[in-house]
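This briefing covers paired strands, a cavity and a few individual residues. The sequence and structure are shown first.

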Amino acid sequence: FSLTGQPNAMGGREVGGLANQLAAHMGFAHDAIDRVRRFWNAPDIATRPGLKAVDMFQAVADGRIKAIWIAATNPADSMPRASEVRAALERCPFVVVSDAWHTDTTRYADVVLPAAAWSEKDGTVTNSERRISRQRAFASPQGLARPDWWMFAEIARRMGWEHAFDYANPAAIFREHAALSGFENNGKRVFDIGVFADLDDAAYESFAPTQWPCRKIGETSTRLFGDGKFPTPDGRARMLPLQPPATRELSGLRLNTGRIRDQWHTMTRTGLVPRLMSHIEEPAVSVHPNDAALHGLSDAAFARVTDGENSAIFPLTISGDQRVGEAFLPMHWTDQFSSAGGIGKIVHNRTDPHSGQPDLKGTDITLAPVYAAWVGLLLRRSDTDTRWDDVYWSKMPVASGYAYRLAGWRSLDATVASEMILRRFLNVSPEAEILSYSDPKKSVFRYAGVARGVLEACVYFAPSRDLLPALDAVAPRLAKPVEAIERAILLAA
């Protein structure tokens with residue numbers, strides 16, 4: 001019963017997309033190895049499980065793995081101890097990354113292969129009730145982007161296996177996949193879609209959602225094991241008692257990481273959509289009021305999260321919905337969207353001894369209050385140049401550019417000490433006119449950059465966020481003409 005949140009986790013297992021599996025739900029038993037070897041005529045087939053994710057990057061770090069190809073994932077952010085993963089990729093002699101746009105992981109790639117995105121892919125996916133459905137592309141790949149299967153096959157052909165990887169389209173791959181599932185099966189293995197081994201391209205194109213096992217056309221099984229028989233030699237289920245690790249004493253709070261409603265994984269797709277970013281604008285650490293008082297956080301707007309080795313500063317949210325003794329941080333934000341970067345840098349890399357799953361919800365952390373000298377709201381048309389020293393920032397797309405939430409720990413004079421620094425902050429051209437308003441008594445400062453009569457950028461500084469303008473009031477003015485009255489409105493915020 002799949003409880004994962006990936007888009008095609010079941011389908012990934014069907015094709016052997018785990019380190020401890022061969023294809024078609026077969027493991028590394030001797031008879032399964034021999035069966036797959038003969039089916040593929042592959043004398044050098046793997047005969048033992050590979051390395052799971054955490055172990056894999058440890059092998060990259062110590063040099064056992066010298067080449068790695070990363071497709072459709074972002075381990076520079078999503079893996080625990082992400083800083084160590086990045087260092088391993090930095091040292092790895094050859095790194096290939098397949099993705100649809102730049103990510104924190106592509107920064108470490110020797111070769112980036114442009115990948116077709118979800119809307120551009122053609123194939124099948126399987127949901128949690130074992131139902132295989134056709135996924136049909138509704139957009140054309142951009143530029144030189146290609147589907148992942150094409151990349152794998154093309155590389156294999158150039159390495160000398162032209163005939164073994166002579167697929168013309170996804171239908172050909174599906175036929176081979178189906179044939180392997182039914183090969184020497186005879187009802188012994190639960191995963192069986194062998195009936196589709198001879199599906200022609202037209203039938204594949206019109207393929208209707210189907211539950212496996214499916215050993216005859218039109219015959220599917222909605223429930224497995226309903227007859228009390230299981231795929232074991234004696235047909236009986238095997239219940240394996242597992243001893244959970246002893247609960248560790250915490251010196252601080254237990255860090256729980258997880259998802260928020262409108263984001264997906266590390267935001268490589270959803271982070272570009274203004275409407276999705278409007279739900280929760282930035283990554284905030286959430287704690288219960290009791291824990292906030294215990295750790296001296298009640299009057300702080302930010303908190304430093306530390307696991308003993310690594311730390312980062314996050315905005316603070318105090319909520320009665322949060323469990324006492326725990327802190328929550330969303331998993332999605334990366335270096336591209338926040339100075340706090342990926343939460344994976346703080347998460348420890350302990351794993352479950354049976355599955356290898358990282359313990360992403362049990363890191364022992366401490367929280368300390370951080371008091372901002374100032375906060376800010378920046379809007380500009382460009383998203384380049386966000387390497388500001390001693391400044392917290394988080395980025396979100398808006399209709400005509402990008403908005404940034406800002407906070408600084410040093411005085412504002414030290415941050416924006418000259419027009420040159422201010423122009424870099426606003427990221428406007430040298431000929432742009434700078435409009436300014438200042439109220440030193442209240443520590444409120446506002447600036448706007450206007451080029452050729454159009455608002456290129458604006459930034460607002462204040463001692464607290466309640467003195468900043470509302471984002472939805474300012475964002476619509478970006479990239480719009482600035483008349484005389486508009487100048488006053490901009491600076492009045």
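The points below are grouped by topic, after a note on the model.

This is a predicted model, in which local features need pLDDT of at least 70, side-chain atom pairs count only at pLDDT 80 or more, and totals for chains, interfaces and linings use all residues. Residues are numbered from 1 along each chain as its sequence is written, and side-chain values use heavy atoms, with hydrogens and water left out.

- Helices (H or I, at least four residues) and strands (E, at least two) are DSSP runs numbered from the N terminus, and two strands pair if DSSP finds at least two bridges between them.
- Buried means under 20% relative accessible area, exposed means over 50%, and partly exposed lies in between (1.4 Å probe, protein chains only).
- In a regular strand the side chains alternate between the two faces of the sheet.
- Strand 2 (residues 94–99) pairs with strand 1 in the parallel sense, over 5 bridges.
- Within this pairing, Ala67 has Phe94 of strand 2 as its bridge partner, and Ile70 stands opposite Val97.
- Strand 2 also runs parallel to strand 3 (residues 111–114), joined to it by 4 bridges; here Val96 stands opposite Val111.
- Because 5 of its 6 residues are buried, strand 2 is largely enclosed by the rest of the structure.

**Pro75**

- Pro75 is placed in helix 4 (residues 75–78) and is buried, its relative accessible area being 4%.
- Not counting residues up to four places away in sequence, Pro75 touches Phe57, Ile70, Val85 and Thr105, where contact means heavy atoms within 4.5 Å.
- From C-alpha to C-alpha, Pro75 and Thr103 are 9.9 Å apart in space, and they are 28 residues apart in sequence.

**Cavity**

- The structure holds 1 cavity of 30 Å³ or more.
- A cavity is a set of points, on a 1 Å grid over the protein atoms alone, where a 1.4 Å probe fits but cannot get out; lining residues have an atom within 4 Å of a point.
- The largest cavity has about 30 Å³ of space, a volume being the space filled by probe spheres set on the points.
- Residues lining the largest cavity include Asn74, Trp101, His102, Thr103, Asp104 and Phe337.
- The lining of the largest cavity has 3 nonpolar, 7 polar and 1 charged residues.

**Glu282**

- Glu282 lies in the loop between helix 9 (274–277) and strand 8 (285–287), and counts as buried because its relative accessibility is 10%.
- Its side chain makes polar contacts with the side chains of Tyr392 (2.8 Å) and Arg465 (2.5 Å).
- A polar contact is a pair of N or O atoms within 3.5 Å; within protein, one must be able to donate a hydrogen and the other to accept it, and residues adjacent in sequence count only if both atoms are side-chain atoms.
- Leaving aside neighbours within four places in sequence, the contacts of Glu282 also include Pro315, Trp333, Ser394 and Arg405.

**Arg350**

- Arg350 is found in the loop between strand 11 (326–330) and strand 12 (363–370), and at 39% relative accessibility Arg350 counts as partly exposed.
- Pro80 is 270 residues from Arg350 in sequence and 8.6 Å from Arg350 in space, C-alpha to C-alpha.
- Not counting residues up to four places away in sequence, Arg350 touches Pro245, Arg248, Gln357, Pro358 and Asp359.

Technical notes:
1 Å grid on protein atoms, 1.4 Å probe; cavity = no way out; pocket = protein on both sides within 12 Å on 5 of 7 lines; lining within 4 Å. Nonpolar A, V, L, I, M, F, W, Y, C, P; charged D, E, K, R; others polar.
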